[in-house]
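Subject: Structure handover

Hello,

Here is the structure we talked about passing on. Please load it first, then read my notes below.

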Amino acid sequence: MTFRVLISTLCIFMGATSDSYGMSATAQQPTVLVTGSNRGIGLEFVKQYAAKGWRVIATTRRPNQAKALQALARSEANVTIELLDVTNGEHLASLAEKYRDQPIDVLINNAGVSGDFQGPGQSLGTLDYTTVDTFMSVNAIGPLRVTEALYGNVKLGDQKKVIAITALLGVHSFKYGGFSGAYWYKVSKAAMNAAVYNLAQDALKDGITVTLLTPGEVAVEKVLDPGPNFISPEVSILGMIDIIDQLTPEDAGAIIRYNGKRYSF
Ligand SMILES: NC(=O)c1ccc[n+]([C@@H]2O[C@H](COP(=O)([O-])OP(=O)(O)OC[C@H]3O[C@@H](n4cnc5c(N)ncnc54)[C@H](OP(=O)(O)O)[C@@H]3O)[C@@H](O)[C@H]2O)c1
């Protein structure tokens, strides 16, 4: 008996299904898909969901360079890496085709660009209009595009939850952080909040709960000198997963921080 046949036999014996990459999912094992999962907050989501025993579809725009993800996929049988630039329609079409008819319980729209908050490109007087389209297409439109492409998969899931990782810098009631600069980041996250709020209202009819989560100030790899208010990715993601676990349709369109605090728009 070959190794592949042996695995297939075991899968059948255990009531599992096996996809073309050999990742298997039991009927009881929920599935999460995370965008921008090669580093930072996305990578920590993958680590924690994998540790919980979930089937994890970890997407990144550069699978070949995603060393930390590759190491995780080698050690955790339930992690699969997929190519996805959230602005790329072809990537989304082939991902949707590959996972056609497969449930996704939780879809996490995490991918985002932030740039240099205090740099000239995002400061009044020297705004760089050549970069604003990237901010808008990744941060504002990306979650809408990804969710639309994978909507059928979420509909098939038991949990039916869509998350978009926003930032308080895009929240009017938080005065967009109350500091100058970061124009494109703030504007694109505010637009994302509007897009996701509307998506949340439409998705309710299908029993899908769409919610905006803010992670806190998180000391991810790129933050070289985190201030005293920063928290670790472990703490932030632990808090957000706890919130995701408890979401109900009443949370559709809400903005909830990693620690459970709620914000109006
Ligand atoms: N860290 C914080 O304190 C904080 C606070 C509030 C909100 N957030 C939000 O949390 C999310 C993750 O932030 P982070 O701190 O982990 O940022 P990060 O370390 O800069 O990671 C951003 C991730 O998004 C990916 N990405 C960028 N453009 C993409 C595209 N077009 N398609 C697919 N993936 C793309 C990046 O991939 P590459 O490696 O290929 O660039 C990377 O995996 C973002 O939405 C961010 O706005 C973070």
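The axes of helix 2 and helix 3 (residues 67-75) come within 11 Å and cross at roughly 10°. Helix 2 is therefore roughly parallel to helix 3. The contact uses L43, V46, K47 and A50 from helix 2, and A68, L69 and L72 from helix 3. By class, it holds six nonpolar, no polar and one charged residues.

Some terms used there. Axes are lines fitted to C-alpha atoms, for helices over the stretch in contact, and angles run from 0 to 180 degrees between N-to-C directions. Angles under 35 degrees count as roughly parallel, over 145 as roughly antiparallel, 65 to 115 as roughly perpendicular, and the rest as oblique. Contact means C-beta atoms, placed from the backbone, within 7 Å. Helices (H or I, at least four residues) and strands (E, at least two) are DSSP runs, numbered from the N terminus. Nonpolar covers Ala, Val, Leu, Ile, Met, Phe, Trp, Tyr, Cys and Pro; charged covers Asp, Glu, Lys and Arg; the others, Gly among them, are polar.

Two notes on the source. This is a predicted model: local features need pLDDT of at least 70, side-chain atom pairs count only at pLDDT 80 or more, and totals for chains, interfaces and linings use all residues. Residues are numbered from 1 along each chain as its sequence is written.

**Overall**

The protein has eight helices and ten strands. Of its 265 residues, 40% are buried. Buried means 20 or more other C-beta atoms within 10 Å of the residue's own; exposed means 12 or fewer; partly exposed is in between; C-beta atoms are placed from the backbone. Take the contacts between residues at least 6 apart in sequence: 66% of them join residues at least 24 apart.

**Ligand shell**

The ligand is surrounded by 27 residues. The closest are G36, G40, I41, A111 and G112. Helix 2 (residues 40-51) gives the largest share of the shell, three residues. By class, the shell has eleven nonpolar, ten polar and six charged residues.

**Core**

The largest nonpolar core has 65 residues. Such a core is a set of buried Ala, Val, Leu, Ile, Met, Phe, Trp, Tyr and Cys residues joined through C-beta atoms within 7 Å. V46, V56, L107 and I163 touch the most other members. Helix 7 (residues 183-203) gives the most to this core, with seven residues. Which residues does V46 contact, leaving aside neighbours within four places in sequence? They are V34, S37, V56, A58, L69, L72 and V79.

**T211**

T211 lies in strand 8 (residues 209-214). T211 counts as buried, because it has 22 C-beta neighbours inside 10 Å. Its C-alpha atom is 5.1 Å from that of I163, 48 residues away along the chain. Not counting residues up to four places away in sequence, T211 touches I163, L247, D251, A252, A254 and I256.

**Two lysines with positive phi**

K160 sits in the loop between helix 6 (151-156) and strand 7 (161-165). Phi of K160 is near 55°, a positive value in a residue other than glycine. Is K160 buried or exposed? K160 is buried, because 21 other C-beta atoms lie within 10 Å. Leaving aside neighbours within four places in sequence, K160 contacts V154, K155, G207, I208 and T209. K160 and P103 are 57 residues apart in sequence, and 9.0 Å apart C-alpha to C-alpha.

K175 lies in the loop between strand 7 and helix 7. Phi of K175 is near 55°, also positive in a residue other than glycine. K175 is exposed, because 10 other C-beta atoms lie within 10 Å.

Q102 is in the loop between helix 4 (89-98) and strand 6 (106-109). With 17 other C-beta atoms within 10 Å, Q102 is partly exposed.

K261 is in the loop between strand 9 (255-257) and strand 10 (262-263). K261 counts as exposed, with 11 C-beta neighbours inside 10 Å. The C-alpha atoms of K261 and T214, 47 residues apart along the chain, are separated by 9.6 Å.

Best wishes

Notes. A residue is near a molecule or strand if its C-beta atom, placed from the backbone, lies within 6 Å of it. Two residues are in contact if their C-beta atoms, placed from the backbone, lie within 7 Å.
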